Amino acid sequence: MSHSPFPVPPNPARVPPELAARYATAGPRYTSYPTAPHFTPEVDRAELEARWKAGNTDGEPISVYLHIPFCRERCFFCGCFTHIASKPEAADAYLDDLAREFDITAGLIDPARPLEQLSMGGGTPTFLSPERLDRLLTRLFALYRPSPTAELAIEIDPRTVVPEHVDVLVAHGFNRFSMGVQDFNERVLEIVHRRQSHAQTLDLVERLRAAGHDAINFDLIYGLPGQSPESMRDTAARCIAIAPSRIALYSYAHVPWMKGHQKILERPDLPGPEQKLALFGEAYDAFTEAGYVPVGMDHFARPEDEMTKALLDGTLHRNFMGYTTRRGLDLVGFGVSAISSVARSYAQNEKNFDAYAESLKNGQRPLERGFLLSDDDAMRRALIIDLFCNFTLDLAAFGQRWALDPQAVFADELQRLTPFVDDGLLEIRDRRLTVSPLGRAFIRNICMVFDRYLERDLAQRRYSQTV
């Protein structure tokens, strides 16, 4: 692998303890602004749909998220919206509902708009049989046609994929494949109820590469019971040997009050905050020494990967699917619980299968809750997401783009950034904010300064720790 063209920031596990203590608090991860807790069932559906239709005027490309919630077994660490079923035919009624949702949405989002990005997640999209998967994709692409440059991505499970799945995906033009690895340590995988061998993962990677595809993502989790610095180093080494193009290293979110099945992981060997940071640090060192570029909070990419190039160009973006290189696209979510971000609005689908199906039978998109952004919301969203992803912000250019005087509008915020400047985490010079390499570990704290909802938020909401 070639050397990184990007200076590697300090390992977050080596952040001076006094700084970590000073800025330790709960805060958002900013996959949206305002954040999802502010979505409401009382959103004005007519206004929301009017905004969606108005967004068709310029014919801009769109992004689609397609949620397949089914899994054969439940992993004990899972925090996703899933439904456990043993046979693929359990998804048949749901696939009919998705087809209805495609048709209803075509009346709001013009099918003439090119599909520039698709992400299929879950659950386990490869829970579907190859035949069912083929029918679903044929139906979607009959309405929303991928552009020649589209990124078509899917989460695939090495435990359930058969060669025919790969054939279907390649035939439909898929060009990025993400697989949940979580850990390569058999004892850890046994504890979290995910029996997946190293051989299964390697076999699937080799099958994809034999089909001409090397855009392969691995998802890992740190903070699971049974993990140790030694086991994390071994998992990282095995990962590096396979050489995926991207690695996502997610912190295990232990939320048993929301996901009751996680109570089984409340064990003596469940890592605490300091142990989790040490685990992350071991993997960080291994990946960066192997030439991977750290991207955002928890991603690593090869130097030649599109995500690294977006980071270097200052065009990296973030939405409900995580970090993305396709910024500025309206995101349309299909399926139970899926979230859309279209034309200054957010809309989340029903999480209840029956309510989801009933809305569609009545000819409506299955809206459970949503949010209509004000001009100020849209402006702050652009600022926060850009700073969060790219670690720099040209205030003068931003002011021109939004027709405002940033020194006046953000006078209070700029004053509250002073501690970050004093601590060497941020530089403000020539009307530009630049996050230092050390400051990247505190990017959530820095962005929180611009969040107008946060003061009341922290008293009412549960967020993860920022550091």
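Select the lining of the second largest pocket: by class, this lining has 11 nonpolar, nine polar and 11 charged residues. Nonpolar covers Ala, Val, Leu, Ile, Met, Phe, Trp, Tyr, Cys and Pro, charged covers Asp, Glu, Lys and Arg, and the others, Gly among them, are polar. The model is predicted: local features need pLDDT of at least 70 and side-chain atom pairs pLDDT 80 or more, while totals for chains, interfaces and linings use all residues. Residues are numbered from 1 along each chain as its sequence is written, and side-chain values use heavy atoms, without hydrogens and water.

A pocket here is an open set of points on a 1 Å grid over the protein atoms alone, where a 1.4 Å probe fits, with protein on both sides within 12 Å along at least five of seven lines; lining residues have an atom within 4 Å of a point. Centre the view on His-317, Gly-328, Leu-329, Asp-330 and Arg-381, the closest to the pocket centre of the 31 lining residues. Next colour α12, which gives the largest share of the lining, five residues.

Move to helix α13, residues 395–402, a DSSP run of H or I with at least four residues. Its buried residues (under 20% relative accessible area, 1.4 Å probe, protein chains only) are Leu-395, Phe-398 and Gly-399. They lie on the same side of α13 because they cover an arc of only 100° around the axis, taken from the directions from the helix axis to the C-beta atoms. Turn to the other side for Gln-400 and Arg-401, which are exposed, meaning over 50%.

Finish at Ala-403, which follows α13 and has a positive phi, near 55°.

Technical notes
Helices (H or I, at least four residues) and strands (E, at least two) are DSSP runs, numbered from the N terminus.
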